Every structure is written in structure tokens, then in C-alpha cells.
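Trainee: I have not seen this structure before. Could we go through it by question and answer?

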Amino acid sequence: MLGISFDQVTKRYDKLSEPALRTLSLMIPPRGIFGILGPNGAGKTTFLRLAAALLRPTAGHVTIGSHDTVREPTKVRRLVGYVPQEYTLYANLTAWEFLDYMA
């Protein structure tokens with residue numbers, strides 16, 4: 001089982017916009033159930049994409065177990081399952097990586 005840690009994570013999609021996440025610090029223990037609730041635009045999808053190493057944080061660090069999502073994205077993607085509501089291609093994955101990830 002793996003814990004998830006967000007340490008002072010901020011994610012901006014462009015320099016002029018408000019951040020989708022602002023200085024989020026959170027530790028999710030490796031056991032139990034954790035839910036994410038919030039209105040549209042609250043950053044839930046951004047949170048999940050950061051945890052699945054599909055996005056890079058603008059600032060801060062995300063770790064899954066002992067793996068940093070920026071330094072070790074391939075290891076993180078092998079450990080985390082993420083099924084989005086709508087399937088889209090991820091710009092940071094090759095076609096083979098995307099098929100392998102989805103499988």
C-alpha cells in the first residue's frame with residue numbers, strides 16, 4: 001500500500017490565470033478510503049492528474065509512496081490506476097505509453 005503526499009503544491013495552467021491548486025499540503029495514509037468532494041472548478045481533476053503523474057506541479061512536490069511524480073513519473077504510473085470520466089490523450093505520453101497506461 002502507498003501513501004500520497006502533497007507538499008506545498010501549486011498548479012497553474014498559465015501565468016495569468018488563478019491557480020487550479022494553491023499551496024496544497026496533504027498526507028493521505030496508505031490504508032482506508034479517501035474521498036474528494038467539491039464544486040466544479042475546485043481542482044479535483046487537477047489533484048488526481050498530479051497524483052497520477054499526468055501533470056507536473058508548478059511548485060511543490062507530490063510523492064506516491066517514496067516516488068516523486070516529477071523525478072520518477074514512469075514508476076508512479078506503474079503504481080497508480082487512474083480512469084478519467086472522459087478519455088483523452090495526454091500530451092506528455094507517447095502513444096505506446098498511453099496504451100500501456102490504459103491497459
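Predicted model: local features only at pLDDT ≥ 70, side-chain atom pairs only at ≥ 80, totals over all residues.

Mentor: Residues are numbered from 1 along each chain as its sequence is written, and side-chain values use heavy atoms, with hydrogens and water left out.

Trainee: Which element of the chain has the lowest mean pLDDT?

Mentor: pLDDT is the predictor's confidence in each residue, from 0 to 100. The chain averages 89, and 96% of the residues score at least 70. Among the elements (DSSP runs numbered from the N terminus: helices are H or I of at least four residues, strands E of at least two), S1 has the highest mean, 97, and the lowest, 80, belongs to helix H3 (residues 95–102).

Trainee: What is the order of the strands in the sheet?

Mentor: Two strands count as paired if DSSP finds at least two bridges between them. The pairing in this open sheet of four strands is antiparallel. Strand S2 (21–28) and strand S4 (67–68) are the edge strands, each pairing on one side only. The order is S2-S1-S3-S4.

Trainee: How many bridges join strand S1 to strand S3?

Mentor: Strand S1 covers residues 4–11 and strand S3 residues 59–64, and they run antiparallel. Within this pairing, Ser-5 stands opposite Thr-63, and Phe-6 stands opposite Val-62. The number of bridges joining S1 to S3 is five.

Trainee: Which residue in S2 stands opposite Lys-11?

Mentor: S1 and S2 also pair in the antiparallel sense, over five bridges. The residue in S2 opposite Lys-11 is Leu-21.

Trainee: Is Thr-10 buried or exposed?

Mentor: Thr-10 lies in strand S1. Leaving aside neighbours within four places in sequence, its contacts (heavy atoms within 4.5 Å) include Pro-19, Leu-21 and Pro-57. Buried means under 20% relative accessible area, exposed over 50%, and partly exposed in between, with a 1.4 Å probe and protein chains only. The relative accessible area of Thr-10 is 13%, so Thr-10 is buried.

Trainee: What separation do the C-alpha atoms of Leu-24 and Asp-7 have?

Mentor: Leu-24 is in strand S2 and is partly exposed at 23% relative accessible area. Its contacts, leaving aside neighbours within four places in sequence, are Phe-6, Asp-7, Gln-8, Val-9 and Phe-47. Leu-24 and Asp-7 are 17 residues apart along the chain, and their C-alpha atoms are separated by 6.6 Å.

Trainee: How many salt bridges does the count come to?

Mentor: A salt bridge is a side-chain nitrogen of Lys or Arg within 4 Å of a carboxyl oxygen of Asp or Glu. Glu-18 and Arg-22 meet in one at 2.6 Å, N to O, and Glu-72 forms one with Lys-75, the closest N and O atoms being 3.5 Å apart. Arg-71 and Asp-68 meet in another at 3.8 Å. The count comes to three.
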